Amino acid sequence: MVTRAEIVAEARRWIGTPYHEQASVRGRGCDCKGLVVGVARACGLPEAEGFHACLANYGPRVDVALLRRGLESELRQVAIPRPGDVLLLRVRGKPQHLGLMVEGGRMVHCWGAGMQQVVSAAWTVGRAQRELDSAWAFPSLLAAEEAVYG
């Protein structure tokens with residue numbers, strides 16, 4: 001069973017990975033979806049491949065409906081994000097960017113515009129004012145936590 005701390009630790013290992021659209025290889029390249037898929041894959045989360053397939057057409061022009069369907073098909077929406085959860089953020093008012101929640105109100109995410117690499121940042125930073133739209137948890141993580149904590 002993977003823990004939230006292990007997801008956060010894996011996400012932090014991706015910091016410095018260059019931006020590369022449609023990629024998900026730590027140290028070589030990823031985009032925001034590829035970061036989430038790559039971290040999930042490295043942690044052995046079964047949702048990783050399904051999530052990747054659901055968002056295969058994700059690119060610089062984000063289809064918000066496709067993005068939401070992909071999230072809904074593989075993850076579970078949660079009211080309050082916790083470390084290890086996937087964040088869907090609005091950029092210029094449109095939900096289109098993904099990150100992984102870490103501790104202290106921060107996220108690890110890959111942003112192609114300007115940064116061009118995976119970084120750790122606060123939710124609302126820079127000119128784009130990335131704001132939280134919704135938070136999503138990996139169902140296998142929730143099931144394991146429920147089995148342990150009831």
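Contact here means heavy atoms within 4.5 Å. By that criterion, V39 is in contact with I7, E10, A11, W14 and L100, leaving aside its neighbours within four places in sequence. The model is predicted, and it describes a protein with five helices and eight strands. V39 also belongs to the largest nonpolar core, which has 29 residues.

**Fold and secondary structure**
- Along the sequence, the elements are arranged in the pattern α-β-β-α-α-α-β-β-β-β-β-β-α.
- Considering contacts between residues at least 6 apart in sequence, 53% join residues at least 24 apart.

**Largest nonpolar core**
- Within the largest nonpolar core, the residues that touch the most other members are I7, L35, V39, L71, V86, L98 and F138.
- Three helices, α1 (4–13), α2 (32–42) and α4 (64–74), each supply at least two residues of this core.
- The strands β4 (86–91), β5 (94–101) and β6 (106–111) likewise each supply at least two residues.
- The greatest contribution to this core comes from α2, with five residues.

**Burial and surface**
- Of the 150 residues in the protein, 49% are buried.

Conventions. Residues are numbered from 1 along each chain as its sequence is written. This is a predicted model: local features need pLDDT of at least 70, side-chain atom pairs count only at pLDDT 80 or more; totals for chains, interfaces and linings use all residues. Side-chain values use heavy atoms; hydrogens and water are left out. A nonpolar core is a set of buried Ala, Val, Leu, Ile, Met, Phe, Trp, Tyr and Cys residues joined through side-chain atoms within 4.5 Å. Buried means under 20% relative accessible area, exposed over 50%, partly exposed in between (1.4 Å probe, protein chains only). Helices (H or I, at least four residues) and strands (E, at least two) are DSSP runs, numbered from the N terminus.
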